Amino acid sequence: MKFSAQLLLSALLLSGAAVPASTFASKAEVNELLKKGGIFRLKNRRSGNYATVNATSSAITGSAKRTGNSIYSQLWIITPMGDKHFTLRSALNLNYLTDKPQKTMNVMLPLSIFYSGGNTNDNASTNYVTITWSQDADKYNDANFSNANDKTSLNESPDHSMAGWHANRKNTPDTGSDWVLEPETSITNAQIRENVGKSLGASDPKEGWFFLRNVGLNLNAAASVTTPRISGVPHDNKDFSQIWYLTNVNGKYKFQNALNQRYIISVGSSASQNYQTGSTQSTFTAKSTGEVYVPSYNIMDQGSVGFNINGGSKTMLSWYEGDPASEWYFIPAKVDEAALAAARSEGLETKALNQYRANYTNVLKQFFNDLAFVELKEEYKSLTDEKLREELNKATATELANKADAPKEFPAGLANMVLKVKNDSWSYREKEFRFYDYKPYSDPVIWAGDNYVGTGHQFSPQTGPTGVSVKRGEQLIVFVGTAQLKSGTSLRAMVCNEMEVVGTYYDLKPGFNLIISDAEGHLFIDYRITNANIKLASIPALPIHIEGGRVNGYFDITRGHTNKDFEEMSRKLFKDPILHMKNQYYQFNMHLDGVKQQHSESIRGLKGGSSFVYADGVAAGIQGVLQRWDSLVKVEHDLMGIDQYLDRFNCMLSASASSKGNPYATNYGTYYPGTGDYLNQAKFTKGWENDEGAPIWVVAHETGHIHQKAINMAGDTEMSVNFFSQVYSWFRGSNVGRGRPLSNPIESFHKNQFRDEFNIWTRSRLYFQLWLHYQLQGHHPNFFPEVFARLRKTPMRYSTDARNPLSGLENYLRFAMVCSDVAQEDLSEFFQFYGFFKPVKNHNTGDYHDNWFTTTQADINKAIAHMKKYPKAHPGIIFIDERIERLPAIYPGAPQGALRVATSDDATPGDAKEVGDVGFVLHFTKDNEAKVYETKISGNRITVDRKSGKGAVGFKIYDLNGKLVRVSNTYTFTIPSEIVKAGYFMTIAHGNGKESIALDPNDVAKNFVQGERLLTGVTTVAADKAEKTGEVYDLSGRKAEKTQHGVLIQNGKIVMK
């Protein structure tokens, strides 16, 4: 750049003038601009558009340059945070640009902005920057850095929406990730403050009515009518509990709630104390936060604490300045005095109902046979409505005769309920959802522990959906039909908003309970057994009667709901956009429209439509897919070996369509990006070629994240979980397993790679191969249940501290040893093949967190010695593969002769070029015929005459010390010339468990392969006596009835019945 141009550019930068697009800036000049911060437009290099915020939706799109009042939608406030980070806020609403760049959000996220220079194909100096939320953003300092998978940079997509994408670099070119920072000097800070103030409605505090809007959470402070609690709730102009009257007292303010007329009470100078309302008239200081662009305040108590909203409980508590949840906007409120008076009157009625509920309970007991108040006594059934009201009022007057201030008439709402019971005048399905006997569920926290089921996450509290929806501030009456709760149990109601899994709790007691909902949402009953020693059968279901709210209904196959019920309720009852559904193991929070769509799509073309039943007895449509989800969880439970707990354990999971990105699992259950084909019964029942598992894989995978903890070796969070998907996919019966062919791990073994260097699908199939051999082929039908049980009792350990690495004996080598213990066989060769026996020092296996190991050769020798105390495992277990030959399809309704199809496009069943020649799963039986093969070597090329022998499942090359150094599952293969020169011998593993010596130029094989294991001629081995009993077992090792249908094990072989 010429000197004069540099001076001009510097002057432009320092003055705040826009940098012309044709002018190039140096890295230093751009960094100086960022250091100062200020007001900018973000211009995209590829489109020439500007990042623009929609005032209604907050969506960010690329648009042409704007002027006038709409200019604020294109202005961004860049604020430095230390040396390396910045925040980017829209000048329109002060919301932030985050790692979800499709829209601005009220969540502060530090970003990095790096001078990019475009990519190295550009001029040496440009004015382009990379805007990234990467946690390792320093990599952008390297102009040569590029990574197509690192999608953490702001990019304008071709459709002009914003997305996370890779940066523009030489090897990953994309100019949509380059941005020009154009300083904007035509708008002042004062103008932005005025505009934002109007947009938010915020002002400075003074005497009068206000909403208190929390900056960090975008919630208003609201008071409860029946309790002292103050909580954060979404803005509602008509909700008087959110409105406060400010009274100025010598520069400080009293805060009185409009609805309950109580004041916020000081908690002093202590942090984390809940604020409450009461009669004490405390005063607080409104202290400006110093925010330039909007009038925001800290509302200070004593010392350095003030009002804050807890992000989890949404309770208002005391906390320090500096937290966005400690900052507030004062939003002036318009109050209709008549409406306020009516609301206060209603509040007084509610208060009276709460105050005298024990008395009203006594009145109801006189008229009903039960404590849920569902069965009216016979003598009152024939009374007229007027006469029954008269009797209720008489009983009330008598009950409250000694309470001078109490109402003398029975509350009208309760009286209407009594009349509905008498007249049976409920609306469509109202009685079904207002009265129900709720069964208890085991404690979701206790049972997640290693000493019980040992899951990676807590189970869900959403066990008892009611079908009742409630608005915030609405009154609910819950009658619990028992005189006393059983010892070791608890009972609560919970209101969950939209897709929430954990909502606002309300304790329930026997008899009459009054709830004023602090949230809008769906009502759940959380009835749990808190003592893990109590058997489920010993705790009866509780009859519960719910009044108030609106019956929206929900779909529940455990209540016997069918597709017909779903279709009828969809027409007549379901109104909420979120539909709740339930099967045995899952409670679903899904989009109603999406569920209806999947139901329609899955029954399309079926004879009888939604009344169609598959060959295995499972219904079509939404009813059937919930049954399939149950069978999926049952398969995973069987693998985990939790039968011993089933008399005490029945915890549930939640499945929610609330993910904003990929599906994931965490506490309480699994989360999906919308209501997709995860609920499509047709796709759940039968896969298609190269579908990579399709929807069932995802559901089994995410559910597996909940269940995988016991067997999850370090680094295998996304590998061990695929084991569950592999097994359920196998049971579905339309496809073979997923993943790369055996040639992939063979290549890794030949490279002497450590276990975490193997491909993800290779590491996934390790678990599946053990299952294929031991459980599917019946060599140890209870293999994985026993592995889980042992690893729950003595869990694997992990270290995230680089200074304190663990030995592999505490983790992956423990897993290997436990597998040998359970099998009672030496599996050291199997785990050697998968890279377990390589020493590492200060090695980070990685995963979703660090996993540090130092594993010495001595550690490895100890593990191997532990395993070698058992007889050797099947010599060909490393080769077992269900894809070598074609297998019959067994999905419901599979036509005669149908075969399983590929799941992955590079592992086609029966295609030897892709999957190899030998190792077919069904050949791993003791009665599989075996015959020695003729084998030749020419140079370093080995050829096994496939017609000369029988029963081969794999070929293995050993060095002269008996160490496995090479393997193959093809009849022709090569070995390195170095191995030939150093000396070797070759064996062939046969499916019946024998091993033959194929090549032995140094005459050493006899030292390692001998005795009954050695095959010398032709052998047909009969199944042992235990296997010839004719007894039938399921695939978890439990004895099954001989009449049972499905995939079973009989006489040591897999059979279909």
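A salt bridge here is a side-chain nitrogen of Lys or Arg within 4 Å of a carboxyl oxygen of Asp or Glu. Please keep in mind that the model shown in these views is predicted.

**Figure 1. R765 and E882 form a salt bridge.** The closest N and O atoms of R765 and E882 are 2.7 Å apart. R765 sits in helix α17 (residues 760–776) and E882 in the loop between α21 (857–868) and α22 (912–915), so this pair ties together parts that are 117 residues apart in sequence. Are the two partners, R765 and E882, buried or exposed? Both R765 and E882 are buried.

**Figure 2. D691 meets R732 in another salt bridge.** For D691 and R732, the closest N and O atoms are 3.5 Å apart. The pair links distant parts of the chain, with D691 in the loop between α13 (681–685) and α14 (694–707) and R732 in helix α15 (residues 720–732), 41 residues apart. D691 has 8% relative accessibility and counts as buried; R732, at 5%, also counts as buried.

**Figure 3. R803 pairs with D801 in a salt bridge.** Here the closest N and O atoms are 3.1 Å apart. R803 is exposed, with a relative accessible area of 72%, while D801 is partly exposed at 23% relative accessibility. Elsewhere in the protein, K387, E390, E391 and K394 are linked in a network of salt bridges. By the rule used, the count comes to 52 salt bridges.

**Figure 4. Domain 5 (686–879) faces domain 6 (925–1013).** In this view, 16 residues of domain 5 are in contact with 22 residues of domain 6, and the C-alpha centres of the two domains lie 26 Å apart. Domain 5 and domain 6 bury about 1400 Å² between them, with 59% of that area on carbon and sulfur atoms. On the domain 5 side, H750, P875 and F879 lose the most area to domain 6, together 38% of what that side buries.

**Figure 5. Polar pairs and one salt bridge cross the interface of domain 5 and domain 6.** How many residue pairs are in polar contact across this interface? The rule finds ten, with both residues of each pair at pLDDT 80 or more. The elements that give two or more residues to the side of domain 5 that touches domain 6 are α16 (743–750) and α20 (828–833). The rule also finds one salt bridge across the interface. E829 forms a salt bridge with K956, and their closest N and O atoms are 2.6 Å apart.

**Figure 6. V1004 is a buried loop residue.** Look for V1004 in the loop between β48 (995–999) and β49 (1018–1019). Its relative accessible area is 15%, under the 20% limit, so V1004 counts as buried. Leaving aside residues up to four places away in sequence, V1004 touches L960 and F985. The C-alpha atoms of V1004 and I265 are separated by 88 Å, and these residues are 739 apart along the chain.

**Figure 7. Helix α12 (residues 621–640) is largely enclosed by the rest of the structure.** Of the 20 residues of α12, 17 are buried, which is why the helix counts as largely enclosed. At 1.5 Å a residue, α12 should span 28 Å, and its end C-alpha atoms are 29 Å apart, which agrees. Just after α12, G641 takes a positive phi of about 65°.

Methods
Residues numbered from 1 in each chain as written. Predicted model: local features only at pLDDT ≥ 70, side-chain atom pairs only at ≥ 80, totals over all residues. Heavy atoms only, no water. Helix = DSSP H or I, 4+ residues; strand = E, 2+ residues; numbered from the N terminus. Expected span 1.5 Å × (residues − 1). Buried < 20%, exposed > 50% of the residue type's maximum accessible area, 1.4 Å probe, protein only. Contact = heavy atoms within 4.5 Å. Domains from an automatic or database assignment. Buried area = accessible area lost by both parts, 1.4 Å probe. Polar contact = N/O pair within 3.5 Å; in protein donor to acceptor, adjacent residues only side chain to side chain.
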